[in-house]
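Here is a short report on charged residues and their partners. Look at the model first, then read on.

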Amino acid sequence: MSDAAIVWFRTDLRLHDNEALARAVDTHDEVLPVYCFDPREFDTTMFELRKTGPYRTRFLVESVRDLKRSFREHGGDLLVRRGLPEELLPGLANEYGAETVYYQTTPSTEERAVESAVIDGLDQRGVDHHRVWGKTLYHIDDLPVEIDRIDDTFTPWRKTVENEATVRETFEKPAPNDLAVTLFEGDSEPDPTAIPTPLESDDTERAPDDRAVLDFEGGETAGLQRLDEYVWEGDHLREYKATRNGLLGPDYSSKFSPWLALGCLSPRRVHETVERYEHERVANESTYWLVFELLWRDYMTFQFEKHGAAFFTPTGIRGVEKNWRRDETAFERWAAGETGIPFVDANMRELNRTGYMSNRGRQNVASFLADVLELDWRLGAAYFESRLVDYDVCSNWGNWAYQAGVGNDSRDGYFHVLGQGKRYDSDAEYIRRWLPALGGLPADACHEPWQLSDGQQEMYGVELGEEYPEPMVDVEAVYERLAK
Ligand code: FAD
């Protein structure tokens, strides 16, 4: 055992299965857990959108609060600061006499740049640093092929991993006594333990729309609770494969994504729970499929480790040249859910009002932006980045690149949003929920209100162009062209 270590919390906001914390506790007498609210995370991006919008901000603040509460229950505390980690951490290490900083790495460009700056600062002050990998289900060191040689197509990669790699065991949550540290004496700030509000206060307030699939509450406590509810109490896992393309309600899919994105929930913990469920209740295609989806998450992460910043370029990782359009009005109509195509608009309005959208919805609105409107797909990705409660750099930009045909799996197809809407929302209940102006229409007309004659519009009490927009494009003509 040696003296003190700092654990720099990032997107691993949990006590369970946290390697950085477990290693620091194992090898040091005193551990100082630190979280830095980095103002850059709340800046405006090159697409003139706020990087972290209100839903994620609130979720993040709640998650940090929850972590702080947990440390306090363990007799310790979480030190929360607002500022640049590369300036704060070297100073804190010196102030508290910490000889090492432990942290979990994130394979994305900006996050890596921050990491490098922190390392430089620590090196200059002679402070050691120790980086761990903890984001994915499979550990990067356990992959059967080296990162540079990972297949750019999912299925072969998945098969190799399933056949040749194993998921590591989770790390124990440290015992209360291990975290009983009091390193706050002498701290210079008046209220060193206060959690700052990174945005204007009303932005972080909980204002759930009662149509939201779930009232997502940030933090490890709520994340573990959701895992328990979905898998054990609700027993929904046994039918996940059949329900996962749903659009309405809390349980058609797991909704683990916001907690996984901030690391409030560890993918290995989810996997462990699935295995226990398979042992104690049922093992079927559904139980397999949830893990299969976690493999997509892993894949996107490892793809970022391989390709890095190429994911943020218009041509993506495949160098595909397309004439992406820039049309601010068109983009704004898409973003506001005012395209006049109900299935697209319902999904965008759900995103705008709640911070969440189903996977089916995401695929469709992304395809509509990239394939039908032919707008620069990165605008859509940046908009999602700002709005999503579960934003994850790799999953978001990776999936957007995929939908735009410039990412993995060489997808050149598109989603026919009219057909998709009719298939997955056949009775138009989802459309009616998010577009109340169309509430009085029969299902068919909900999907294609432009087919209604003036007389029918009058009969149903909907005037296109007034209560609901006229379609911004002749979508059927576009699909005819795309089909050629
Ligand atoms: P479930 O269906 O219950 O899946 C379980 C978990 O598997 C999810 O929580 C997620 O961690 C993972 N997962 C499922 N599908 C995918 C996928 N296609 N790619 C990567 N991981 C997956 N997911 C994010 O977590 N953050 C994002 O920023 C994000 N952006 C997306 C953008 C687009 C354009 C698309 C098409 C998909 C995006 N996804 C993103 C993936 C997917 O839509 C969400 O993970 C999923 O809808 C979250 O709901 P859930 O937790 O109920 O998922």
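Arginine 362 and aspartate 390 form a salt bridge, with their closest N and O atoms 2.8 Å apart. A salt bridge here is a side-chain nitrogen of Lys or Arg within 4 Å of a carboxyl oxygen of Asp or Glu. Arginine 362 lies in helix α13 (residues 359–372) and aspartate 390 in the loop between α14 (377–387) and α15 (393–403), so the bridge ties together parts 28 residues apart in sequence. Helices (H or I, at least four residues) and strands (E, at least two) are DSSP runs, numbered from the N terminus.

This is a predicted model: local features need pLDDT of at least 70, side-chain atom pairs count only at pLDDT 80 or more, and totals for chains, interfaces and linings use all residues. Residues are numbered from 1 along each chain as its sequence is written, and side-chain values use heavy atoms, with hydrogens and water left out.

**Salt bridges**

The structure holds 34 salt bridges. Arginine 112 takes part in a bridge with glutamate 305. That pair links distant parts of the chain: glutamate 305 sits in helix α10 (residues 285–307), arginine 112 in helix α4, and they are 193 residues apart. Arginine 112 also bridges to glutamate 115. Both of these residues lie in helix α4, 3 residues apart, about one turn of the helix. Which residues make up the network of salt bridges? Arg10, Arg112, Glu115, Arg131 and Glu305 are linked in it.

| Salt bridge | Closest N and O atoms |
|---|---|
| Arginine 362 – aspartate 390 | 2.8 Å |
| Glutamate 305 – arginine 112 | 3.0 Å |
| Glutamate 115 – arginine 112 | 3.7 Å |

**Buried or exposed**

Buried means under 20% relative accessible area, exposed over 50%, and partly exposed in between (1.4 Å probe, protein chains only). Arginine 362 counts as buried because its relative accessibility is 17%. Aspartate 390 is buried too, at 7%. Glutamate 115 counts as buried at 2%. Arginine 112 is partly exposed, at 21%. Glutamate 305 is partly exposed, at 22%.

**Helix α3**

Glutamate 86 is found in helix α3 (residues 85–96). Is glutamate 86 buried or exposed? Glutamate 86 is buried, because its relative accessible area is 18%. Its side chain makes a polar contact with the side chain of arginine 40, at 2.8 Å. A polar contact is a pair of N or O atoms within 3.5 Å; within protein, one must be able to donate a hydrogen and the other to accept it, and residues adjacent in sequence count only if both atoms are side-chain atoms. Proline 85 is also in helix α3. Proline 85 counts as buried, at 3% relative accessibility.
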